[in-house]
Amino acid sequence: MILMNLKNVSMGYGGPLLLENINLQIEQGERISLIGRNGEGKSTLIKILMGEISPDHGSVGISQGIRRACLSQEVPEEIRGRVFDVVAGGYGDAANTLSKFYQTSQLISRNEDPSLFRKLEDFQQTLDETDGWKMEQKVNQVVTRLSLEPNAVFDHLSAGLKRRVLLAKALVSDPDLLLLDEPTNHLDIRAIEYLEEYLASYSGTLLFVTHDRMFLKKLATRIIEMDRGSLFHWKCNYETYLKRKESDISSEEKQNATFDKKLAKEEKWIRQGVKARRTRNEGRVRELEKMRELRKQRRYQIGSVRLNAQEAEKSGKLVIEAEQIVFQWDGRDIVRDFSTTILRGDKVGIIGPNGVGKTTLLKILLGEIPPTHGTLRLGARVHVAYFDQLRARLDENKTVQDNICNGNDMIIVNQKPRHVIGYLQDFLFTPDRARSPVRTLSGGERNRLLLAALFAKESNVLVMDEPTNDLDMETLELLEDLLLNYAGTLLLISHDRTFLNNVVTSTMVFEEMGKVTEYVGGYDDWIAQRSSVISVEKQGLLAKKPANTKKFAKKLSFNEQRELNSLPGKIETLEKEQAMLYDVMSDPNFYQKEGAEILSIKERAEALEQMLEEAFARWEQLESKT
């Protein structure tokens, strides 16, 4: 059964058309993933499918009686009330009766007015007749699974929580056609897994936009790609799509090259001398004019973001050392008894439910928040660049350009001056867009601007709090490549499971209230190790030990234990001397000293680096035995 049918639909807002004579047929039971670069028009197509906007040209057909529901990227300003009432609003008019029933129940608890009891009975009868109690059960189920507080006031929620409430509203009514625009944004892993489970068994038709590749792989039965105003249909899974797409791009490039070669040949012919013009073939001239028009109409793909992190001087081998950290807030343990050692080059992911304290842990590790108990030590020469989940580091009223260089025209990139407009073009900002205020940017553009600001700063420690929201998949893959090749240290909070698998070397996981456990590897490695530990615990062979506890640990000898205890102090002494030498060498007058003195200081700095490497290697060797 065909639910919706778009024929020769075109839509634009000035400049090249976002949608150009597209055709789309949506059939019952399909799970369609709509993919494409940021700015290609995915959200516009969803608004057309919902009937929120009309196309400039073409027709939109919908089967009679089809119910549609949508989660958009923007939060409507007019929504008011409790979370329960907003979610129940997905049922339409029937939700009003349920909401009034609960409001009347609360009034009765404070005021025993007989008229209220009569109203309550009327509402109860209506709910009985309309099967309203099942509706209440479904609302409570979805609210609970998405970790929402039913009595919270919608206006008082963060933007992320508001989108989660609107997602619940879209889910409760079980529409025939469910349209989701980036549904995993601001959801933690547990909520994403619930959503995947729900949608996998959903009997209706689903069309969704997502940057979450694991979410896409698990759900999509058909892929529609938006590219330069056109739709391309792929009746396959995501892995097959990637292979076919690569082949298509190669074929398109060859066809364009052949066309351009022929056009150049015909242009050369038309410019020949008088003799050639006398014998000119008019049909050939007309064919050339057609080729010129086709060449003029050709639309190129949007360029790729060019990511290049500026790396500062190397940090010390030790970047962060935390021992028995405890952080309490309002009488509650946010972090308890947490110890870790982060070395230069480590790439650490942090996983946990929303609101559990992941960002707080980051700030503790960076020394921005002092722990309630325990000790924290930062290594030498640590230069941090911070990617903020809440975009708080962007000034809404300033232009894109001024957010990068604060009114200057030039920016220093890898020790070389560069015009800020050219730098921003690496992040797909046109000159006009670079002069626009930040408040006019989309979510994807804000993320690209924050990346531009981040990589304009020299660093040897990158801290990224949910960097993947609103980025298209191509930019995500480029960001992954950059982080994999980054020589410094990475601390990353993310709910993107594929991103974690591809980037991090270890994970810190909030598994209980305040309890953080470390695992080797990314998301899949954590799941495998956790499952292994649970299996062994069930057999009574392990009593709640961390997953990386060694089963047959050897005990240290007396001398080895004494050596291990002395190593932190030894390393600290070496790093202090190293830092002092680096300060001396960074002085502009350093190279005015005697040659022998310059050589002596450089040799000592190199020796200290070698001694530190050996000390850390020995420390790791001894700790592996404990």
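Leaving aside neighbours within four places in sequence, S506 is in contact (heavy atoms within 4.5 Å) with K347, V348, G349, Y519, V520 and G521. S506 lies in strand β19, residues 506-512, where helices (H or I, at least four residues) and strands (E, at least two) are DSSP runs numbered from the N terminus. At 15% relative accessibility S506 counts as buried, a class that requires under 20% relative accessible area, with exposed meaning over 50% and partly exposed in between (1.4 Å probe, protein chains only). The model is predicted, so that local features need pLDDT of at least 70 and side-chain atom pairs count only at pLDDT 80 or more, whereas totals for chains, interfaces and linings use all residues. Residues are numbered from 1 along each chain as its sequence is written, and side-chain values use heavy atoms, with hydrogens and water left out.

Nonpolar cores were defined as sets of buried Ala, Val, Leu, Ile, Met, Phe, Trp, Tyr and Cys residues joined through side-chain atoms within 4.5 Å. The largest such core holds 46 residues, of which L146, L171, L178 and L199 touch the most other members. Helix α6 (residues 159-172) supplies the largest share of this core, namely seven residues. A second, separate core has 45 residues, including I351, I411, A434 and M464. In soluble globular proteins, nonpolar side chains tend to be buried together.

Helix α21 spans residues 595-623 and therefore contains 29 residues, with 42 Å from its first C-alpha to its last; this is close to the 42 Å expected at 1.5 Å a residue, the expected span being 1.5 Å times one less than the number of residues. The buried residues of this helix are I598, I601, A605, L608, L612, A615, F616, W619 and L622. Helix α20 (residues 558-586) contributes L581, which is buried with a relative accessible area of 9%. When residues up to four places away in sequence are not counted, L581 touches I601, R604, A605 and L608. The C-alpha atoms of L581 and A605 are separated by 6.6 Å, although the two residues are 24 residues apart along the chain.

Because R604 lies in α21 and E577 in α20, the pair ties together parts that are 27 residues apart in sequence. R604, at 32% relative accessibility, counts as partly exposed, and E577, at 25%, also counts as partly exposed. A salt bridge here is a side-chain nitrogen of Lys or Arg within 4 Å of a carboxyl oxygen of Asp or Glu, and by this rule the count comes to 16.

Another of these salt bridges is formed by R222 and E30, with the closest N and O atoms 2.9 Å apart. This pair links distant parts of the chain, since R222 is in strand β8 (residues 222-227) and E30 in the loop between β2 (19-27) and β3 (31-36), 192 residues apart. Both R222 and E30 are buried. The side chains of E196 and K218 likewise meet in a salt bridge, at 3.4 Å from N to O. With E196 in helix α7 (residues 189-200) and K218 in helix α8 (residues 213-219), the pair ties together parts that are 22 residues apart in sequence. E196 is buried at a relative accessible area of 6%, whereas K218 is partly exposed at 48%. E196 and K218 belong, with D212 and R497, to a linked network of salt bridges.

Strand pairing was assigned where DSSP finds at least two bridges between two strands. Strands β10 (residues 318-329) and β11 (residues 332-343) pair in the antiparallel sense over eight bridges, and the bridge partner of A322 in β11 is T340. In the hairpin of β10 and β11, which has two residues between the strands, D330 takes a positive phi near 55°. Strand β10 is also joined by five bridges to strand β13 (residues 373-378), and the two run antiparallel; here the partner of E321 in β13 is R377.

The structure holds zero disulfides, a disulfide being a pair of cysteine sulfur atoms within 2.5 Å. Among the cysteines, C70 counts as partly exposed at 21% relative accessibility, whereas C405 is buried with a relative accessible area of 9%.
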